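Reader: Hi, I have a structure to look at and I would like to go through it slowly with you. Could we start with the words I will need?

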Amino acid sequence: MTTARPAGTKGVPRARREQQIIAAAMEEFGRRGHAAASMADIARHVGVTKPMLYTYFGSKDGLYAACVDRVGPRLLAAVEQAMAARPPKDELAHTVLAALFRALEDQRHAWFVLYDRTLQADSEPWHAARRHREAIDELAASGTAALLGDQGNHDPLDADALKHVWTGTVSALIGWWISHPQLGAQDMTARCARLLSAIGTTAGPV
């Protein structure tokens, strides 16, 4: 006996419709930030009604949480795999950037869903994003500490500052990438190799 799949809208299975909504919401949240994002625009992009979004996800915060729960593990896995490969220290930054570009190839705005600077501190969306950011930031912290430690610098504040420099650099590169949609992940990987070489970067945190 087979169990009928939950119905969606216009004959689209519910699971497929949820994927479509999350994809549209990922771009909307990434472009405009949580506060300015429009549920009406998300619904219009998918071709459903605004009440349908609330039926599926309960609230705007619920939809945002679904987005960060989708992108957070993906980015964490990308960084973990890149670091687990144990590339030479002078190739670590490039290796991790390449992994992030591959992970974001089809949803570049997803980075700015997770790293949304417009979130109100201590709000439900802020906590939803923070859970995933902390896991990624822990890898960055270990990488920066190891990098500085190899140079005889064990100052935790230096390591923390370098971690923020790294995250800011990644955000800047992805922002630039979004404004150049003709470039693929391989293009960005090659470009960053040239940039890292030009500025004399010999290692990176994660």
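Author: Let us begin with one term: a residue is called buried when its relative accessible area is under 20%, exposed when that area is over 50%, and partly exposed in between. Please also keep in mind that this is a predicted model.

Reader: Okay, then is Phe101 buried or exposed?

Author: Phe101 has a relative accessibility of 1%, which is under the 20% cut-off, so Phe101 counts as buried.

Reader: And which residue does Phe101 form an aromatic pair with?

Author: Phe101 pairs with Trp177 in an edge-to-face arrangement, with 5.2 Å from centre to centre and 70 degrees between the planes. Because Phe101 belongs to helix α5 (residues 92-104) and Trp177 to helix α8 (residues 156-178), the pair ties together parts that lie 76 residues apart in sequence. Trp177 counts as buried too, since its relative accessibility is 0%.

Reader: How many aromatic pairs are there in the whole structure?

Author: A search of the whole structure finds four. One of them joins Phe29 and Tyr64, whose ring centres are 5.3 Å apart and whose planes meet at 85 degrees, so this pair is edge-to-face. Phe29 sits in helix α1 (residues 14-36) and Tyr64 in helix α4 (residues 60-84), so the pair links distant parts of the chain, 35 residues apart.

Reader: Switching to charges: how many salt bridges does the structure hold?

Author: The structure holds eight. Side chains of opposite charge can pair when their charged atoms come close. Among the salt bridges is the one between Glu134 and Arg130, where the closest N and O atoms are 2.9 Å apart; both residues lie in helix α7, four residues apart, which is about one turn of the helix.

Reader: Are Glu134 and Arg130 buried or partly exposed?

Author: Glu134 has a relative accessibility of 37% and therefore counts as partly exposed, and Arg130, at 34%, is partly exposed as well.

Reader: Which residues are linked in a network of salt bridges?

Author: Glu28, Arg32, Asp41 and Arg44 are linked in that way. Within this group, the side chains of Asp41 and Arg32 meet at 3.3 Å, N to O.

Reader: Last topic, pockets: what volume does the largest pocket have?

Author: The volume of the largest pocket is about 430 Å³. Sixteen residues line this pocket, and those closest to its centre are Tyr115, Arg117, Arg133, Asp137 and Thr167.

Reader: And which helix gives the largest share of that lining?

Author: Helix α8 does, with six residues.

Notes. Residues numbered from 1 in each chain as written. Predicted model: local features only at pLDDT ≥ 70, side-chain atom pairs only at ≥ 80, totals over all residues. Heavy atoms only, no water. Phe/Tyr/Trp six-rings, centres within 6.5 Å; stacked < 30°, edge-to-face > 60°. Helix = DSSP H or I, 4+ residues; strand = E, 2+ residues; numbered from the N terminus. Buried < 20%, exposed > 50% of the residue type's maximum accessible area, 1.4 Å probe, protein only. 1 Å grid on protein atoms, 1.4 Å probe; cavity = no way out; pocket = protein on both sides within 12 Å on 5 of 7 lines; lining within 4 Å. Points joined across faces, edges and corners; volume = space filled by probe spheres on them. Salt bridge = Lys/Arg side-chain N within 4 Å of Asp/Glu carboxyl O.
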